[in-house]
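Work through the exercises below with the model open. Each task is followed by a solution in steps.

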Amino acid sequence: MSVTAQSVWNNCLEFIKDNIQPQAYKTWFEPILAVKLSDNSLSIQVPSKFFYEWLEEHYVKILKVALTKELGETAKLVYIIKMENTYGNKQPFTERIPSSNRSSVKAQDVDIPLNNKSPELRNPFVIPGIRNVKIESQLNPNYSFENFLEGDSNRLARSAGLAVASKPGGTSFNPLLIFGGVGLGKTHLAHAIGVDIKDKYPEKTVLYISAEKFTQQYIDSVKKNNRNDFIHFYQIIDILIIDDVQFLSGKTGTQDVFFHIFNHLHQNGKQVILTSDKAPVDMQDIEQRLLSRFKWGLSAELQSPDFETRVSILKNKLYRDGVEMPEDIVEYVAKNIKSNIRELEGAIISLIAQSSFNKKEITIDLAKQVVEKFVKNTKREVSIDYIQKIVSDYFQMDVDTLQSKTRKRHIVQARQLAMFFAKKLTKASLASIGSQIGKRDHATVLHACKTVDNLTSTDKQFRKYVEDLSKKLAV
Ligand code: ADP
Ligand code: MG
């Protein structure tokens with residue numbers, strides 16, 4: 001019989017079972033998976049970091065004895081920590097990576113000898129040679145630089161990303177903050193940097209996490225009284241990628257803990273990569289000291305792609321999917337879906353699906369139908385509340401002020417703009433728009449729309465407001 005990870009581990013388990021309490025065996029050993037055996041090193045997957053620490057604290061001796069019996073004096077044990085709540089959540093990569101890829105992600109992960117890298121990590125039982133941890137990077141290998149197409153809209157961010165990837169922690173782009181609107185490629189680029197680093201520096205620990213999940217983990221750690229463990233875990237990362245940091249706004253506890261982690265990593269020459277839907281100056285409810293840290297490095301914006309870039313993104317996607325599509329149709333889609341790459345891809349996918357399910361040829365007419373649905377759908381997503389929020393943010397007032405009865409010119413103008421966009425972007429009636437924006441009647445809304453039309457053609461400054469807001473409101 002050949003020696004496999006499973007067979008080695010089964011033998012270890014038999015030995016361990018004989019030597020510890022049945023309940024302890026059930027709790028601490030049954031959930032472990034044997035994953036890999038290479039030379040004298042056995043990799044086991046444990047459900048969480050706390051699980052791993054528990055094993056290290058209570059069972060490291062018996063593990064060592066058992067493993068040495070199986071693999072000899074040079075035996076090594078490698079823990080693979082499966083991040084909590086990773087699988088089955090809404091993160092795009094967990095749904096997309098087929099299991100074969102997932103294991104290859106694991107395979108790229110590396111040993112971190114905790115005892116010499118992070119002296120303050122709680123480490124009461126150091127047995128040289130046996131203690132190694134792997135942290136899964138949570139990266140999606142499908143998001144690479146190779147398929148992140150370059151254009152004017154992303155050139156700065158992309159090259160900064162490449163620079164960081166070739167010298168993580170060694171450029172002045174630390175942190176690197178990538179910001180821009182929905183669907184413009186922040187997540188993709190953030191992964192691409194991580195994937196490239198893993199490729200170039202397999203020994204470095206890279207971790208990708210959304211700010212939302214980071215917050216959740218932090219809250220859990222507070223509940224379980226593990227706050228320090230949580231901090232220490234993050235302090236041993238070499239390249240920390242946090243997606244959508246705007247999520248931290250208003251969450252002072254999480255901001256505080258992130259501040260400490262950030263400082264530690266930065267001081268130790270570790271790389272931090274952040275993404276956000278806003279530039280640091282526009283972030284609200286984020287502590288000043290954290291914002292100032294964000295500004296230490298480089299903030300690079302992802303803008304809406306121009307027509308050429310949109311066409312090449314589409315063509316690249318079709319090429320990778322092995323689908324052929326007439327040039328004029330690709331251009332039609334690229335011309336009509338402007339502000340969001342995710343939607344651009346969505347439209348093309350739905351076009352392909354439509355044509356293959358219904359056995360229809362892909363024609364311009366079909367493209368029109370599909371695009372129309374997309375454009376309409378996006379419009380429906382804009383609510384009057386959202387419009388009021390965007391307009392008042394833009395003029396730096398709050399929504400109450402925008403709705404107030406005042407006749408101050410700039411407030412009146414803001415209100416009229418909100419009404420104008422509500423008319424343009426929603427299906428609501430004039431009366432309903434009026435009642436939602438400061439309880440006005442339909443005539444006021446009509447008047448507002450006319451005024452905005454007039455001012456747009458006569459007043460240059462005002463036209464700029466309309467243009468800026470159109471961009472901000474384009475989902
Ligand atoms: P964000 O995080 O900014 O909302 P994503 O990174 O999720 O956006 O990107 C949305 C979609 O657009 C993804 O499928 C991504 O692969 C694709 N995409 C974004 N930018 C590019 C690009 N420059 N080249 C190719 N695909 C891109
Ligand atoms: Mg994203």
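**Exercise 1.** Find how far a polar side-chain atom of Lys186 lies from an oxygen atom of ligand 1.

Solution. The distance from the polar side-chain atom of Lys186 to the ligand oxygen is 2.8 Å. A polar contact here is a pair of N or O atoms within 3.5 Å; within protein, one must be able to donate a hydrogen and the other to accept it, and residues adjacent in sequence count only if both atoms are side-chain atoms. Next, take His188: an N or O atom of its side chain is 2.6 Å from an oxygen atom of ligand 1. Then take Leu149, where a polar backbone atom is 2.8 Å from a nitrogen atom of ligand 1. Finally, ligand 1 taken alone exposes 560 Å², of which the protein buries 93% (Shrake-Rupley method, 1.4 Å probe).

This is a predicted model: local features need pLDDT of at least 70, side-chain atom pairs count only at pLDDT 80 or more, and totals for chains, interfaces and linings use all residues. Residues are numbered from 1 along each chain as its sequence is written, chains are lettered from A and ligands numbered from 1 in the order in which they are written, and side-chain values use heavy atoms, with hydrogens and water left out.

**Exercise 2.** Describe the shell of residues around ligand 1.

Solution. Sort the shell by type: seven residues are nonpolar, seven polar and three charged, with Gly counted as polar. Then look at the helices (DSSP runs of H or I, at least four residues): α8 (186–200) and α15 (341–357) each supply at least two residues of the shell.

**Exercise 3.** In what order do the five strands of the open sheet lie?

Solution. The order is β6-β7-β8-β5-β9, and the pairing is parallel. Strands are DSSP runs of E, at least two residues, and two of them pair if there are at least two bridges between them. At the edges are β6 (206–210) and β9 (298–302), each pairing on one side only. Now take one pair: β7 (residues 239–243) and β8 (residues 271–276) are joined over four bridges, and Ile242 stands opposite Leu274 in β8.

**Exercise 4.** Which peptide bond, from Asn174 to Pro175, is it: cis or trans?

Solution. The bond is cis, with omega near 5 degrees. Pro175 is in the loop between α7 (155–166) and β5 (176–180).

Definitions and conventions
Near = heavy atom within 4 Å.
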